[in-house]
Structures are given as C-alpha cells and as structure tokens.
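Thanks for coming, everyone. I'll walk you through one structure today. Have a look at it first.

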Amino acid sequence: MSVRALPSYAFDRWHVATDAGAGVASAITGLEVARIGQQRLDFVGMAAHARKVGGPALRALTFHQRASLLKGLADALLARKEELYELSRHTGATRSDSWVDIEGGIATLTSYASKGRRELPNDTILLDGDLEVLSKRGSFVGQHIMSPLQGVALHINAFNFPVWGMLEKLAPTLLAGMPAIVKPASATAYVTEHAFRIMQEAELLPAGALQLVVGGLGEMFDHLGGQDVVSFTGSAATALKLRAHPVIMRENVRFIAECDSLNATMLGPDAGADSPEFALFIKEIVREMTVKAGQKCTAIRRILAPRAAVGAVEAALKQALAAVKVGDPAQEGVSMGALVSRDQRADVRDKLAAIASDGRIVFGTPDGVLADAPEGGAFLGPVLVHCDAPHQARHIHDTEAFGPVATLMAYDGLDDAIALARRGMGSLVMSLFTADVAVAETVVTGVAAFHGRLLIVDRDCARESTGHGAPLPGLVHGGPGRAGGGEEMGGLRGLAHYMQRTALQGSPRMLAAISHRWFPGAPQVYDGPHPFRLKFDELAPGRSFRSAAREVTLADIEHFAHFTGDTFYAHMDEAAASANPLFGGRVAHGYLLLAFAAGLFVDPAPGPVLANYGLNRLRFIKPVKPGDAMSVELTALARNRRSKDQGEVTWDVRLSSQNGELVATYELLTLNAA
Ligand code: NAP
C-alpha cells in the first residue's frame, strides 16, 4: 500500500497539507500507511461555507429528495466497497470486523434513505404531533413543526469505526437538511478519507453540503453558534474537554456525546450450565471480546453471573477463548486482528493493570508476545479478569480498557445483580440471558434508566438476534451518564438532533397553508367536480364533499349481522343491549357505518383514485340506533407524492347523525394518479 498524505476537503475542493506531517502506522505490519500534516485551512470560512452554501441547497430539497441522495451515496459506496476493505485491513480489522464497519455503515445510509421515502412527507418541514385546539371556537390553534437548523453539524468521530462512524451521523444529518463537517480520528482517517472521496466522486452532493478535516480543527470551536450542532464520539475525557468549551456553553451549541461505557452482560439465575441461554451467554461474551479486538464502545466489559454458576462460566470462557486465533487477518483461520496502534495497546495495558488490581487475571497474558502475530503489529490476546469482591472494587466499574478485556464477577440474587449493573454509572447497552420473564421484568425495571439499550436473549430470539454490540439504525444508540448522555439514530428520532421544534400558533387557515395540509376550521372547497374526479396534482388540501343522508334501519343491521356473521348481542339482542351501560338498546355495527359511509362518498366511475389502501385513527364516537340517519363529509387532508405518476392522498372522513353530532371519524388513505 502506498503512503499518502491525507488531504482535507474544504470549499468543495481537496486541500493537501503544507508539511510532511506525522505518520500513521498499519496495525498489522507497523509500517507507515498514511501521513497527516498540518492543514492551513480557513476553519471559520469552512463553517460559513456550510451555513451559506450547503445549508440552503439541502433545505431546498424535500425529505424524499434528500432520501434519494442518501440512497445514491450508499450505492456509490457499495460499488467500491472492496477499496475500503483493502484499507480497513490495516486498522487491524478482520474481514468480518470490516464488514460491520463498511457494509454496516452503508446499510445505515440505506435504512435512512428508505425511512425518508416511506415515513416522511415529500416536503421540507415536518409536523410533530397533532393540532392543539387552543380556543373555545377553534379559531386559534397550535401545531408543532420541525425545521432544519440553519448552521453546520460538526461530526467528530472515534477511530474504531472509520466508515460506520461517519455514516451513522451523516444519514440523519443530511436527511434533516443540515450540512456537515466531518473530522475523523487520526488513527484511521485514511479509511474515512477514502469513503468520503467515493461519496464526493459520485457527484451527488450539493456544494457545501459536506467537508472533511483531516487533523486538528484549529479555531473552529471558537466560532460555533446556536444553530450549529457538535456530534462527538470518543472518550469521556475528550467529551468533557469539548463540551466545557466556553463557546459551546455560552452559545448553547447542541452537543451530542457518545462516550465510553462499562457495558455489562448478565446471566439469569434460571440459566443453568445445560441451558441454551448459558451457551449463548458464553458465545456472546467471546464474540464481544474479540470483534474489533474489543475496540467497540458497546463491547461487554463486565460479566455478571449467579454465584452458583460463576465457576462454570469461568471454565467455559477459558475454553472458548483458548480457541481464538489472533494474528494478521489476511491469514487463514485468524479470528481476531490487532488493536489500532501500539499506542492504543499501551493504553489498554495501563488500564488493564488498574482493572486487574481489583481481581486476578484468569485468562490471557497482557504483556506476552503472540507466537503467530507479525512482529511490528499492535496485537494483544484476549484477557479475562475475575473479581471476587465486586462491591469493594472501583476500576472494574469505571475504567474502560478499550481492547479485548472483560471482568467476571458473581452476584447474590437479582437485587445484587442490578446494583452491580448500575455501578457502570450509565451505559450504552446491557444484555441479559434468561428464559424467565419474571427475571427479565425485574432486571429491566431495575436497570433500564441506566442504559440506552437492553438486549434480552433467550432461545426464541437467539438465532435472529443481532447481538449485544450492534447498534441498529432503527434503534437509539447512546446512553445516560458515563455513556455521554447522548442519543443517535433511533430511526427518524435521530433527525430531531439536527432540527428545531417550533410551536406555531395562529388560525387554522394560516397553519394549514404553512403545513401544506388541511386542519379542522381551515377553509373547505365544495364547488366543482367530486374530489375523486381530481388528479393528484389538482387535489389541494381542503377539497371537500358532503353526502346526502341515509337512514340506518333495523333490517340493515340484521342483514349485515347475518351477512358477515357478526351477530354480537349489542346489534341483535334488544334486552342484552339495553343492559349494556353504553348502548341502552340495539346499535348499528361500526363496520356497517363504515361500509355505508363508503357508499355515500364514493364516486364510482374509473378515475384518478386507483386504490383505497387503509384507514388511520378510526374512532366510533356515538352509537347509531335503528332509525337514525347518517351523512358523511370527506375532505382532502394531505398529499404525499410517491412517484412521477402517483401519490398518496389522506382524507379526513366525518360521519354525523341527523342532529349534526359526530358519530365516527377516521382518515382514509388512497393512491391517486398524478
Ligand atoms: P478520543 O481520543 O476521545 O478521540 C475521539 C475524537 O476526538 C477523535 O476524532 C479525535 O481526533 C478528536 N479529538 C481529540 N481531542 C480533540 C480536541 N481537543 N478537539 C477536537 N477534536 C478532538 O477517542 P478515540 O480514542 O478516537 O476513541 C476511543 C473511545 O471512543 C473509546 O473510549 C470508546 O469507548 C469511545 N467510543 C464511543 C462510541 C459510542 O458510540 N459511544 C463509539 C466508538 C468509540 P484525533 O484522533 O485527531 O485526536
């Protein structure tokens, strides 16, 4: 591999460092793979470029257009993924470690792309929650909206996932409509830089949307403001330094921190040595200690086992760890690679010394040389510590050795196990191996507030479980306290970090126009053709239709009951229905009312309405009795274009009685031709 001086990307072009810089060594061979020099970048100008050029360009796109952008970036990366695997090997990663980083990162982009298309409107603002009626007559209402922040998102990433770490932050940021400046960790910046380059070369991103800083950030923090976001992943010590920056505090710059964590795993008291959960527990611990050579923020650091089982757990772990082959991932049979650098290995050894002072090392030789591993690399075999007095111990609960190190300890009863789990002071994830729902409920109630994610593994989900260590785009990643107090991803929840929630107040007419939808109290248009005659593009929210009335007779109810088989007493038995405290006599089926409603509002001839594909928010409000008359009002509520030719229309449907009282409401969903 040739040694490259890594450039930064600012003002929509590459900038090469002005000096020779410092070398970055391969974790496998110890030979130099890249150089990081001093970049004389105009950091203040870069942030301004993102705000002035990138932000407006992204905000001009709808969520669907931004989602397509993400999909295009994911496709570009996938097409050139082997280039990334080639580089990734030098970070010490095995092929499967790199798969998590590279293809896991691409999958995160793809997941956000599809969520953006499926779950967001083809619009530029997002409604948050329902309309709040703020006055008696309904002429004054409130609606929360979310709009993209107009600053820049500064992403500072850790070394361990150079691709995933960049993409899991970029996906929600770009989908929300914010430009970003990415600062990768120096140790693995050569992989991030290449992934960034692939995305730039795809020529999909608007100018100013994405910039890259290899090396230090200069004075950038001094010029951040209240519209900017810093999203940091790394150690708690760096997080503390950065979040305490006077500008971050003075300007209330949003600061998201994903830090280190003393994640625990717990074996339930029910899981004896012969149970499937016991075997799964051992397998998961070994996987977590060895994947990425234990350099994962979510890796298992503390192993909690019932006192009666702790001996069996230690024996099983030793046996399984003895089968792990550490070495150059390019070699056949190697299951664990190297730490990222020799500095990192020295750091792990220091931290391990502190942890081991709380107990005794029962597997591994932290200072030993590994026979099969190349000499210049940063190899370290897995190390298991056993702590006999975990309540008296300190380091095992607060010192993160960011490598293949974990500590086993016994607990006496679930309350004790919960108390030990909480000693992590807030973690990203905890896993529990149990088949007993009562154990699971007690543990979840005891520890949920201390964790961002809880995984409960039993024989039912084990085969398909994604495992203790894997953050997923649809679930939140982050944790309280020690873990940084931040949250990322979580599906569309992740967009909220890059958007401002605003409570809009005003008249229904005003808020409906701004929200591009109809609200009760906003103008309705009844004139002209039936709304089912209008194409998607012609159908403005507020287009309405009011039906004639139809009487609901006893014969209708009985016919419907026998026809469908729904002969529930409330429709068929006068005496029983009279005794029902809600009805006071026989009532029409709710589904009969829905069917009659369709008969009243449908315009039957072929036209732009292609299909009815569902109902939302159906509520039966008042019973309809034989002899009552019902009518329907149908109003186009919102539109969401799906393609050039088609779009979804949401309709507000209201069923009223002859007295004008609402008897049922729902939203009808149709697919309409454009
Ligand atoms: P780190 O030393 O804290 O560095 C993290 C990032 O901060 C790097 O990009 C680093 O850049 C940058 N940085 C350091 N000092 C800075 C400063 N004064 N101003 C601006 N940026 C600065 O952490 P690391 O060694 O890369 O990562 C390992 C740690 O990250 C572990 O503790 C691990 O648990 C944690 N981690 C957490 C998560 C999570 O999601 N919670 C994920 C992965 C890792 P340079 O490399 O150029 O110094």
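Helices here are DSSP runs of at least four residues, numbered from the N terminus. By that rule, leucine 78 is found in helix H2, residues 63-79. One caution before going on: this is a predicted model.

Let's stay with leucine 78. What does leucine 78 touch, beyond its neighbours within four places in sequence? The contacts are Glu103 and Ile106. Isoleucine 102 is 24 residues away from leucine 78 along the chain. Their C-alpha atoms are separated by 8.7 Å.

Next, a helix pair. Helix H4 covers residues 95-119, and helix H5 covers residues 164-176. Their axes come within 8 Å and cross at roughly 10°. Angles under 35 degrees count as roughly parallel, so H4 is roughly parallel to H5. Who meets whom? On the H4 side, the residues include Val100, Ile106, Leu109 and Tyr112. On the H5 side, they include Trp164, Leu167, Ala171 and Leu175. By class, this contact has nine nonpolar, five polar and two charged residues. Note Ile106: this H4 residue meets H5, and Ile106 is also in contact with leucine 78.

Now the cores. In soluble globular proteins, nonpolar side chains tend to be buried together. The largest nonpolar core here has 63 residues. Which residues have the most contacts inside it? Met266, Ile303 and Val313. Take isoleucine 303. Setting aside neighbours within four places in sequence, its contacts include Phe281, Leu317, Leu384 and Met409. A second, separate core has 59 residues, among them Ala74, Met166, Ala171 and Leu495. We have already seen Ala171, in the contact of H5 with H4.

On to the cysteines. Cysteine 461, at 27%, counts as partly exposed.

Last, the backbone. Most residues other than glycine have a negative phi. Here are two with a positive one. Phenylalanine 11 has a phi of about 55°. This residue is in the loop between strand E2 and strand E3, and is partly exposed at 23%. Methionine 425 has a phi of about 60°. That methionine is in the loop between helix H13 and strand E18, and is partly exposed at 44%.

That's the tour. Over to you.

Key. Residues are numbered from 1 along each chain as its sequence is written. This is a predicted model: local features need pLDDT of at least 70, side-chain atom pairs count only at pLDDT 80 or more; totals for chains, interfaces and linings use all residues. Side-chain values use heavy atoms; hydrogens and water are left out. Axes are lines fitted to C-alpha atoms, for helices over the stretch in contact, and angles run from 0 to 180 degrees between N-to-C directions. Angles under 35 degrees count as roughly parallel, over 145 as roughly antiparallel, 65 to 115 as roughly perpendicular and the rest as oblique. Contact means heavy atoms within 4.5 Å. Ala, Val, Leu, Ile, Met, Phe, Trp, Tyr, Cys and Pro count as nonpolar, Asp, Glu, Lys and Arg as charged, and the others, Gly among them, as polar. Buried means under 20% relative accessible area, exposed over 50%, partly exposed in between (1.4 Å probe, protein chains only). A nonpolar core is a set of buried Ala, Val, Leu, Ile, Met, Phe, Trp, Tyr and Cys residues joined through side-chain atoms within 4.5 Å.
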